[in-house]
Amino acid sequence: ITKYTPSDYRKSISGKAVSEIISLQDGKLWIGTEDGGINILDKESNQFSFLNSSDGLSSNNIHSLHEDNRGNIWIGTFLGGINKYEKKTGKISVYKYSGSDSNSISNNYVYSILQDHSGRLWIGTQNGLNLYNYESKDFDLFMPEVLGDKLIYDILEDSENNLWFCTRNSGIFKLENNSEKIVQPGLKLFS
């Protein structure tokens, strides 16, 4: 077991509270912290590099990470909305909630991100579930009458391509792949 602690910032992680970790297609580990931004571990050299607010992230409080099929890393933050990091260029785009823009993300507290089998990017926030439109760079609040006021903690796609949404205080919701209807197991059907 190798332990990485923030005691030696240059040779280890930068934050004290590790909240998320993903393994990218290139083999590097991206480690999100709640107080130090992102730590990128090159497993071959065992060296860290860092990505934080001084590099353009909207917040150093990271709660979700996801690599999409277009070469982007999506970074969900607490208070700072969602960031898109383009691996090829290193460019960071920040998307935040705006009350005057109905196409903005629904909330700046982003807890979960998933790209499904058909390429749709789902973003779970403290105030609903969003779908990102890659062409227009807009966000649509998905089924606001059912999920619009729900805190979406996690998103999973199962082997039958159904999507599962974990919420705070409202249980689990399932989006059936074959019908595009929302079901709350054991309860009622929403369409």
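In the predicted model, strand E1 (residues 18-23) and strand E2 (residues 29-33) run antiparallel and are joined by 5 bridges. The two strands form a hairpin, with 5 residues between them. Gly27, located in the turn, has a positive phi of about 90°.

Side chains of opposite charge can pair when their charged atoms come close. A search of the whole structure finds 6 salt bridges. One of these is formed by Glu67 and Lys87, whose closest N and O atoms are 2.4 Å apart. Glu67 belongs to strand E5 (residues 62-67), whereas Lys87 lies in the loop between strand E7 (82-86) and strand E8 (92-95), so the pair ties together parts that are 20 residues apart in sequence. Glu67 counts as buried because its relative accessibility, 14%, is under the 20% limit. Lys87, at 30% relative accessibility, counts as partly exposed.

A further salt bridge connects Asp116 with Arg120, the closest N and O atoms being 2.7 Å apart. Asp116 is buried, at 5% relative accessibility, while Arg120 is partly exposed, with a relative accessible area of 25%. Arg120 also meets the side chain of Glu180 in a salt bridge (3.4 Å, N to O). Glu180 counts as partly exposed, at 35% relative accessibility. Through shared partners, the salt bridges join Asp116, Arg120 and Glu180 into one network.

Conventions:
Residues numbered from 1 in each chain as written. Predicted model: local features only at pLDDT ≥ 70, side-chain atom pairs only at ≥ 80, totals over all residues. Heavy atoms only, no water. Pairing = 2+ DSSP bridges. Helix = DSSP H or I, 4+ residues; strand = E, 2+ residues; numbered from the N terminus. Salt bridge = Lys/Arg side-chain N within 4 Å of Asp/Glu carboxyl O. Buried < 20%, exposed > 50% of the residue type's maximum accessible area, 1.4 Å probe, protein only.
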